Amino acid sequence: MKLRFQITKDKEIRFISHLEYVRTIGRAIRRAKLPAAYSQGFNPHMKYSLASALGVGVVSYAEFVELELTEPVEPLAAAAAFKKALPRGIRVLAVDAVETNAPALMSVAGGAEYRVTVPWTGDIAAAVEQFNRAPEVTFVKQAPKTKEKVKTIDVKFYIPEISAVQREDETELRFHCRITHNGSMKAVDLLNTLNEQYGLGLPVEKADIERLDLYRVDEQGNKWPMLDSLYIQG
Amino acid sequence: MNKELAIDMLAAVKKPARYTGGEFGSIFKEDAEVRIALAFPDVYEVGMSYLGFKILYHLVNKMEGIAAERVYAPWIDMEQMMRERQVVLTTLETRRALCECDLVGFTLQYELSYTNILNMLDLGGVSVLATERGEEEPFVVVGGPCVFNPEPLADIFDFAILGEGEEALPEVLACYQAWKRDGRPGGRQGFLHRVVQIPGIYVPSFYDVVYNEDNTVQSVTPNTPDAPPTVTKRVVADLNKVDFPTAPVVPFGEIVHDRIMLEMFRGCSRGCRFCHAGMVYRPVRERRPEVLREIAHKQVENTGYEEISLVSLSTADYSCLGPFLDEMITDFKDKKVSVSLPSLRIDAFSVDVAKKVQAVRKSGLTFAPEAGSQRMRDVINKGVTEDDLLHAVSAAFENGWKKVKLYFMIGLPGETDEDVLAIAQLARKVQWKFKEITGKGGCQVTVSTSSFVPKPYTAFQWVPQDTLEEIHRKQGLLIEATRVKNISFQYHDGKTSIMEGVFARGDRRLGKALYLAWQRGQRFDGWADVFDFERWQQALKDCGLDPDFYNHRQRGGQEVFPWEHLQPAVNRAFLANEYRKAKQELLTADCRQGSCNGCGVCQRLGVPVMDWGSRAYDASQEKGFASLAEKMAGGDNLSYSLATQSPGLPQRGGGAE
């Protein structure tokens with residue numbers, strides 16, 4: 001069987017890298033003494049994976065880890081053990097058990113919901129309206145490491161709509177971002193797009209980015225939760 | 001006080017997780033009565049790999065009402081932003097600024113980390129000079145191997161703990177707690193007069209140094225009856241009776257030594273004459289195998305680590321190593337935990353052990369002959385021969401290894417060009433051995449040299465260090481001599497070795513230059529890309545100091561050294577005799593297997609050597625490994641000096657390069 005957990009990456013550890021996050025979860029699984037399955041071979045690896053990578057600095061309340069087991073366990077008991085073995089900043093929100101041959105979580109994520117808060121109080125209403133109305137908004141994405149390679153993407157393909165709320169000293173944006181087998185786009189690049197297209201001057205480097213949810217999307221475009229979950233108290 | 005590491009700061013720096021803490025196993029004691037910051041004067045990845053602080057963190061946090069928290073040196077990118085925004089340096093746990101702690105404890109691992117100490121104090125809101133520290137400021141305490149000559153830092157720290165901290169630090173903290181509860185009688189001076197009563201405590205301001213006209217030290221004498229004329233180091237008589245951490249902090253990111261560090265024993269009695277650690281950590285005291293296994297099991301459960309590294313100054317010398325390894329491997333096989341011997345710079349190589357622990361991948365092996373010629377190896381009392389090395393590499397080649405790395409020092413006392421060139425010849429001989437055994441060419445040999453730095457409390461404390469010109473010339477000789485197919489040559493920057501030498505055997509007058517160099521921007525001197533030799537030279541000059549006085553002068557037999565009031569308990573007469581024997585190329589046997597050589601440590605400390613070999617295991621079981629232990633002469637001393645010379649260098653001995 002496979003266990004699936006919904007876990008968090010809270011504010012206090014937002015700056016650990018994806019790789020560090022993955023390693024931390026691996027060690028927690030070992031500390032929790034869950035009967036993890038390992039790959040064969042000279043250098044066996046624990047069979048666990050995360051549903052999607054998260055950028056450094058991004059807080060998330062919807063990270064999903066899938067762990068293959070060698071023997072069945074009671075999911076809630078496993079979640080309790082896992083919870084105790086995790087550092088501050090990673091909480092277990094939900095758990096679910098599936099057959100070993102169920103499709104990998106990584107392949108089913110179809111979209112994510114974000115909240116971005118920036119200390120900025122300019123007028124955003126017009127930009128939001130224009131963005132939402134535009135049939136296409138292009139953004140030139142710098143491919144990491146290879147500086148020459150750039151990729152032009154249509155932001156609207158990933159993020160059809162945004163909404164904004166403004167408070168005394170900050171602006172909060174909310175939007176859904178599509179995830180495909182060929183990738184997705186970074187939440188921070190939406191801010192870059194808005195700055196480029198509408199001359200907003202949002203302080204991108206100060207943006208507080210939170211992933212609120214990650215979900216599956218069916219062929220009709222309906223959203224479904226990642227887990228048929230057993231939600232955990234507290 | 002601004003403590004906020006804002007999103008845009010963390011997003012802009014390299015490795016932001018260095019600064020955010022919260023790792024599994026970290027301990028938060030919000031309302032402790034006494035708080036000590038364990039401050040490591042280098043970056044997080046280096047500091048988190050330091051076993052000493054893992055031990056003290058665990059130990060202190062067990063004490064009622066007392067908290068130990070961690071703080072590391074922010075890298076230059078972060079420091080710059082902190083200074084721009086006036087953000088104070090805090091601990092990782094409860095985010096106390098250093099100036100809000102009761103004590104700030106630095107470990108002195110390496111002379112070239114001293115500027116970072118000044119910098120961290122300054123960033124933490126603590127007055128850098130001890131004399132300027134106000135009543136409300138923390139006490140700055142130092143410990144670690146360089147504490148046997150902390151004189152260049154005498155202006156900076158309030159007091160030092162000499163030797164092992166397991167017993168001494170809790171005593172100091174209890175003393176502080178009592179003083180604080182009593183309403184701080186006598187102020188800062190009052191506390192210093194109290195704490196100096198504890199054995200092993202050194203308060204530099206309680207001593208006056210008088211210099212001769214030739215700038216050597218005439219005397220170091222206490223200026224208060226409370227301070228003893230000499231301070232002798234503390235040691236734990238029986239390591240089995242002190243706590244060893246069972247649930248250390250598990251970092252998120254990769255650190256230099258990212259595994260369980262199981263300390264097998266302290267001290268090394270091999271007696272290599274260049275080795276500081278080999279002298280100041282005596283006597284050898286082993287942990288019992290059953291105690292070690294119990295600790296290992298607990299640590300595996302509590303950390304989730306997949307590797308246990310058996311650490312000490314020369315793990316191959318652990319008296320019960322063979323059977324212990326077998327038990328460990330059996331114990332942990334099903335838990336997918338491997339066992340490695342990190343500091344095993346093997347001279348005579350046992351394929352059995354290497355295979356067993358999988359410390360060594362087929363990619364490469366590291367050996368540490370330390371010197372190229374037999375003559376020089378005898379001078380340094382290395383106790384291994386060319387045959388040992390060739391025998392060892394033969395065994396490796398027969399078992400499929402194709403790459404060898406060889407560690408050497410250049411600039412050892414009495415070294416001739418012939419001795420230097422013997423390094424290249426030895427590398428050639430290793431290649432020939434490969435051809436002889438495999439019938440093929442293509443053996444890759446890497447020759448790596450560091451430049452010898454004479455250290456206090458070694459047989460070579462009297463000798464001049466090679467000048468920079470001489471180091472460069474010798475490196476040049478080797479660059480030429482190693483222009484051979486499949487031999488590559490690496491060497492340490494000679495300039496850092498020169499500055500390391502100045503501080504290693506320096507005196508209090510260097511404090512001014514240290515302060516000036518720091519003010520002019522020196523920090524992270526151990527990092528070659530940041531180190532600025534010219535700025536150091538200028539700082540020394542501007543303080544009227546001559547580096548050659550510290551480095552390139554043969555010191556007299558009767559000369560009083562600046563560090564002699566601080567005692568690791570090794571007799572000066574023993575060291576002088578070792579120096580004499582070095583000049584005569586005579587060997588001194590390991591006292592652990594033979595008779596006492598009279599270094600004086602056991603007698604002066606009243607602590608005997610502890611070796612469990614004969615007792616703990618069936619003799620027949622032990623037999624197969626006796627020869628192993630014998631052959632694996634401890635090249636580990638080098639691994640120590642390398643660890644201190646290049647803090648960024650991951651050194652997983654066993655030779656997995």
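Predicted model: local features only at pLDDT ≥ 70, side-chain atom pairs only at ≥ 80, totals over all residues.

Trainee: Why is S16(B) largely enclosed by the rest of the structure?

Mentor: A residue counts as buried if 20 or more other C-beta atoms lie within 10 Å of its own. Seven of the eight residues of S16(B) are buried, so the strand is largely enclosed.

Trainee: Which strands pair with S16(B), and in what sense?

Mentor: Strand S15 (residues 365-370) of chain B runs parallel to S16(B), and four bridges join them. Here Glu370(B) has Phe408(B) as its bridge partner in S16(B). Strand S17 (residues 444-451) of chain B is also parallel to S16(B), with eight bridges between the two. In that pairing, Lys405(B) has Thr446(B) of S17(B) as its partner.

Trainee: Through which helix does the chain cross from S16(B) to S17(B)?

Mentor: The path leads through helix H14 (residues 417-438) of chain B, and this β-α-β crossover is right-handed.

Trainee: How many residues does each chain bring to the contact between chain A and chain B?

Mentor: Chain B contributes 18 residues and chain A contributes 20 residues. On the chain B side, helix H1 (7-12) and helix H9 (289-303) each supply at least two residues. H1(B) gives the most to that side, namely five residues. By class, the chain B side has nine nonpolar, six polar and three charged residues.

Note on methods
Residues numbered from 1 in each chain as written. Chains lettered and ligands numbered in written order. Contact = placed C-beta atoms within 7 Å. Nonpolar A, V, L, I, M, F, W, Y, C, P; charged D, E, K, R; others polar. Buried ≥ 20, exposed ≤ 12 C-beta atoms within 10 Å, placed from the backbone. Pairing = 2+ DSSP bridges. Right-handed = clockwise from strand over helix to strand, strands pointing away.
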